[in-house]
Amino acid sequence: MIIENSASSSNKKLLGFDVKTLTANRRAINVLKGIFAVLPIALALPVDALEVKVTPTNPKLGDTLSVEINLDNPDNGTNPTVASGNNTYPAFEIAPNQYRAFVPTTPLEKSGTRTLRVAGDGQVQNLAVNVLNRKFPVQRITLPPGKAGVKATEHELQRVAAFKALQTPEKYWNGIFLRPNAGRMSTTYGVRRYYNGTFANDYYHRGLDYAGAAGSSVIAPAAGRVALVGRVSQGFRVHGNVVGIDHGQGVTSIFMHLSRINVKEGDFVKAGQLIGAVGSTGASTGPHLHWGLYVNGQSVDPTPWRTKVFN
C-alpha cells in the first residue's frame with residue numbers, strides 16, 4: 001500500500017507538473033495567437049497618406065496654384081510630382097521632407113473642377129480643385145487694310161521659349177514681388193481682344209503694362225539670375241530690348257520694350273536692383289514697361305505675387 005500510495009503521489013505530482021506546464025504553454029500560445037492575429041491587420045493598414053495642401057483655397061483663372069506636399073519617407077531622394085491634365089510639374093524641396101509644386105492657370109483654360117494627381121513616396125493621391133471663372137477685359141482693335149503686324153524672328157522666338165521653360169532647382173526669390181516701375185498700370189493681365197471684329201481665341205495680355213515715362217527706372221521685382229538679354233539689333237523685333245530673370249523653380253520674369261539695359265546674362269540681381277529703363281522698342285506704340293510673369297512656361301497673373309508670399 002505504501003508503495004502504491006507513493007506511486008499515486010508521484011503520479012499526482014507528475015500530473016500536476018504537466019497541467020501547470022500545459023497551462024503556461026497554452027497561455028503563451030494564446031498570447032502569440034493574439035499577436036499574430038493583430039499583426040497581419042497592422043501590416044495591411046495603409047501607410048500614412050500624402051499630406052497635401054493647395055492654395056489659394058478659391059483659385060480663379062490666371063492664379064498660380066501652390067501645391068505643398070509633406071513626405072515622411074522620401075523615396076530614394078526622388079522629388080514628388082504633380083500632374084494636371086497632360087502636364088506634369090516638378091515639386092522642389094522647400095524644407096526637410098516638405099515639397100512644393102506650382103500649377104499655372106490661364107485665361108485660355110476653362111473654369112471648373114480639375115484633378116491634381118500628386119505622386120510621391122510610393123503613393124498617389126488625386127485631388128479635385130475647383131478653379132473659378134474670371135471675367136477679363138475685352139478690347140476691340142481695328143487694323144488698317146493690308147497692315148501686317150510685326151513678326152518675331154526665329155532667333156527671338158527660340159531664345160524666349162527656352163527662357164520661359166527654365167526650371168532651375170534653386171529658389172532665389174524671398175517674400176512678395178516688388179512693383180518693377182513707378183508708372184501707373186495701363187493694361188492689366190488677361191485682356192482679350194477682337195481684331196477687325198474677329199475674336200482672337202489664342203490671345204490674352206500676358207502680363208502687366210506700366211505707363212512709365214521714357215527712361216524711368218525698371219527694377220527687379222525679386223531676386224534671381226539674368227538668363228536672357230536681347231536687343232533689337234540681335235533680331236528681337238517684337239520684344240524689343242528685353243531682360244529675363246530666372247527666379248528659380250520654374251518662375252521667370254520678362255521685361256520688354258526697354259530703352260536701356262543695365263545687366264548682362266549670368267548676373268545675379270537682388271530685389272529692387274536696377275536692370276534697365278522704360279522705352280518703346282520692339283512692337284510698342286509708346287513708352288511703357290511690359291512685365292510678364294511665367295510659371296512653368298505659362299503666363300500667370302503677377303498681381304497675387306505682389307500681395308502674397310509664395311514659399
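## Report on a predicted protein model

With a relative accessibility of 32%, Asn70 counts as partly exposed, a class lying between buried (under 20% relative accessible area) and exposed (over 50%), with a 1.4 Å probe and protein chains only. The model is predicted, so local features need pLDDT of at least 70 and side-chain atom pairs count only at pLDDT 80 or more, whereas totals for chains, interfaces and linings use all residues. Residues are numbered from 1 along each chain as its sequence is written, and side-chain values use heavy atoms, with hydrogens and water left out.

Asn70 belongs to strand S2, which covers residues 64–70; strands (E, at least two residues) and helices (H or I, at least four) are DSSP runs numbered from the N terminus. Beyond its neighbours within four places in sequence, Asn70 is in contact (heavy atoms within 4.5 Å) with Leu50, Glu51, Asn97 and Gln98. Asp121 stands 51 residues from Asn70 along the chain, and the C-alpha atoms of the two are separated by 9.7 Å.

**The protein as a whole**

The secondary structure of the protein consists of three helices and 21 strands. Of its 311 residues, 41% are buried. When contacts between residues at least 6 apart in sequence are considered, 68% of them join residues at least 24 apart. The protein exposes about 16,800 Å², of which carbon and sulfur atoms supply 54%; these areas come from the Shrake-Rupley method with a 1.4 Å probe.

**Two open sheets**

Strands of a sheet pair through backbone hydrogen bonds, either parallel or antiparallel. Here, two strands pair if DSSP finds at least two bridges between them.

Val82 has Val118 of S7 opposite it.

Another open sheet holds three strands in the order S9-S11-S12, and its pairing is mixed. Strand S9 (138–141) and strand S12 (198–199) are at the edges with a single partner strand each, so one side of each is left without a neighbour in the sheet. S9 and strand S11 (residues 192–195) are paired in the parallel sense, again over four bridges. Ile141 has Tyr195 as its bridge partner in S11.

**Salt bridges**

Side chains of opposite charge can pair when their charged atoms come close. Which residues form such pairs in this structure, including the pair that Lys60 makes with an Asp? The structure holds five salt bridges, each defined by a side-chain nitrogen of Lys or Arg within 4 Å of a carboxyl oxygen of Asp or Glu.

The partners in these pairs can be described by their accessibility. Lys60 is partly exposed, with a relative accessible area of 34%, whereas Asp63 counts as buried at 6%. Arg114 is likewise buried, at 14% relative accessibility, while Glu109 is partly exposed, at 28%. Arg159 counts as partly exposed at 26%, and Glu265 is also partly exposed, with a relative accessible area of 39%.

| Lys or Arg side chain | Asp or Glu side chain | Distance, N to O |
|---|---|---|
| Lys60 | Asp63 | 3.9 Å |
| Arg114 | Glu109 | 2.6 Å |
| Arg159 | Glu265 | 2.7 Å |

**The loop between S17 and S18**

Gly266 also lies in the loop between S17 and S18. Is Gly266 buried or partly exposed? Gly266 has a relative accessible area of 42% and is therefore partly exposed. Not counting residues up to four places away in sequence, Gly266 touches Arg225 and Val226. A separation of 8.5 Å lies between the C-alpha atoms of Gly266 and Leu228, which are 38 residues apart along the chain.
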